[in-house]
Amino acid sequence: MAVDFKSSETRENLMRSFAGESQARNRYDFAASKAKEQHLQVIEQVFRYTARQEREHAEVFYKYLKELSGETIHVDGGYPVDISEDVAKLLRMAQHNEYEEHDSVYKAFGEKAKEEGFDQIANTYFRIAEIEKLHGDRFGKFAELMEKQQLFKAETKTSWICLNCGYIYEGEAVPAKCPVCTHDQGYFIRLDQSPYEN
């Protein structure tokens with residue numbers, strides 16, 4: 001049954017989603033700064049990479065509200081306070097929030113949009129929910145590496161790449177400094193985790 005967009009629950013859900021994605025972007029930027037302070041540039045880049053995608057999600061949701069330009073939409077919502085000095089904990093909090101968006105929030109918003117006759121919006125919610133799952137998986141993988149003290153060490157000989165200059169190092173643990181650009185070990189990532197590796 002089609003519902004008038006201006007009186008729909010979907011309109012409010014879009015604003016909630018815009019607010020949530022905007023806040024997630026800021027939380028990830030704050031977490032990235034904390035990682036940088038601790039010389040964990042790889043983790044900084046993981047947070048910033050995800051923050052850029054959250055910004056894009058916010059824009060996608062916001063654009064659906066274009067016909068309401070000039071209006072104010074009042075919504076209530078609960079949003080997490082993810083503050084910690086422990087970068088692994090920040091990764092785990094981010095993982096939890098991403099899974100929550102995937103498991104319940106965006107699926108419910110998608111179902112409501114479908115019920116109200118907004119199929120394109122529903123499909124967007126379902127697709128973004130899947131992206132949030134990937135975000136959660138990525139945060140979890142890096143949290144686990146940190147918790148196991150394996151962010152810069154491996155049990156077997158591994159290929160590592162310096163994200164600053166591209167130098168590839170082979171070994172069980174990365175050097176304290178890159179032998180090419182002298183940036184610290186925080187720039188090294190497993191070659192197979194490099195965002196640009198085939």
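Which residue takes a positive phi just after helix 1?

Author: The residue is His39, with a positive phi of about 60 degrees just after helix 1. This is a predicted model, in which local features need pLDDT of at least 70, side-chain atom pairs count only at pLDDT 80 or more, and totals for chains, interfaces and linings use all residues. Residues are numbered from 1 along each chain as its sequence is written, and side-chain values use heavy atoms, with hydrogens and water left out.

Helix 1 itself covers residues 9-37; helices (H or I, at least four residues) and strands (E, at least two) are DSSP runs numbered from the N terminus. From first C-alpha to last, the 29 residues of helix 1 reach 42 Å, close to the 42 Å expected at 1.5 Å a residue, where the expected span is 1.5 Å times one less than the number of residues. At the start of helix 1, a side-chain oxygen of Ser8 comes to within 3.0 Å of the backbone nitrogen of Arg11.

Leu40 is one of the residues with the most contacts inside the largest nonpolar core, which has 35 residues. Such a core is a set of buried Ala, Val, Leu, Ile, Met, Phe, Trp, Tyr and Cys residues joined through side-chain atoms within 4.5 Å; buried means under 20% relative accessible area, exposed over 50%, and partly exposed in between (1.4 Å probe, protein chains only). Helix 1, helix 2 (41-63), helix 3 (87-115), helix 4 (119-147), strand 1 (153-162) and strand 3 (188-190) each supply at least two residues of this core. Helix 3 gives the most, with six residues. Leu40 is also among the contacts (heavy atoms within 4.5 Å) of Met146, which, neighbours within four places in sequence aside, include Ile43, Val87, Ala88, Leu91 and Leu151. A second, separate core of 16 residues includes Phe5, Met15, Phe61 and Phe118.

Positive phi values occur elsewhere too. Gln149, which is not a glycine, has a phi near 60 degrees and lies in the loop between helix 4 and strand 1. At 58% relative accessibility, Gln149 counts as exposed. Thr182, likewise not a glycine, has a positive phi of about 65 degrees; its place is in the loop between strand 2 (168-173) and strand 3. With 53% relative accessibility, Thr182 is exposed.

Terms used
A polar contact is a pair of N or O atoms within 3.5 Å; within protein, one must be able to donate a hydrogen and the other to accept it, and residues adjacent in sequence count only if both atoms are side-chain atoms.
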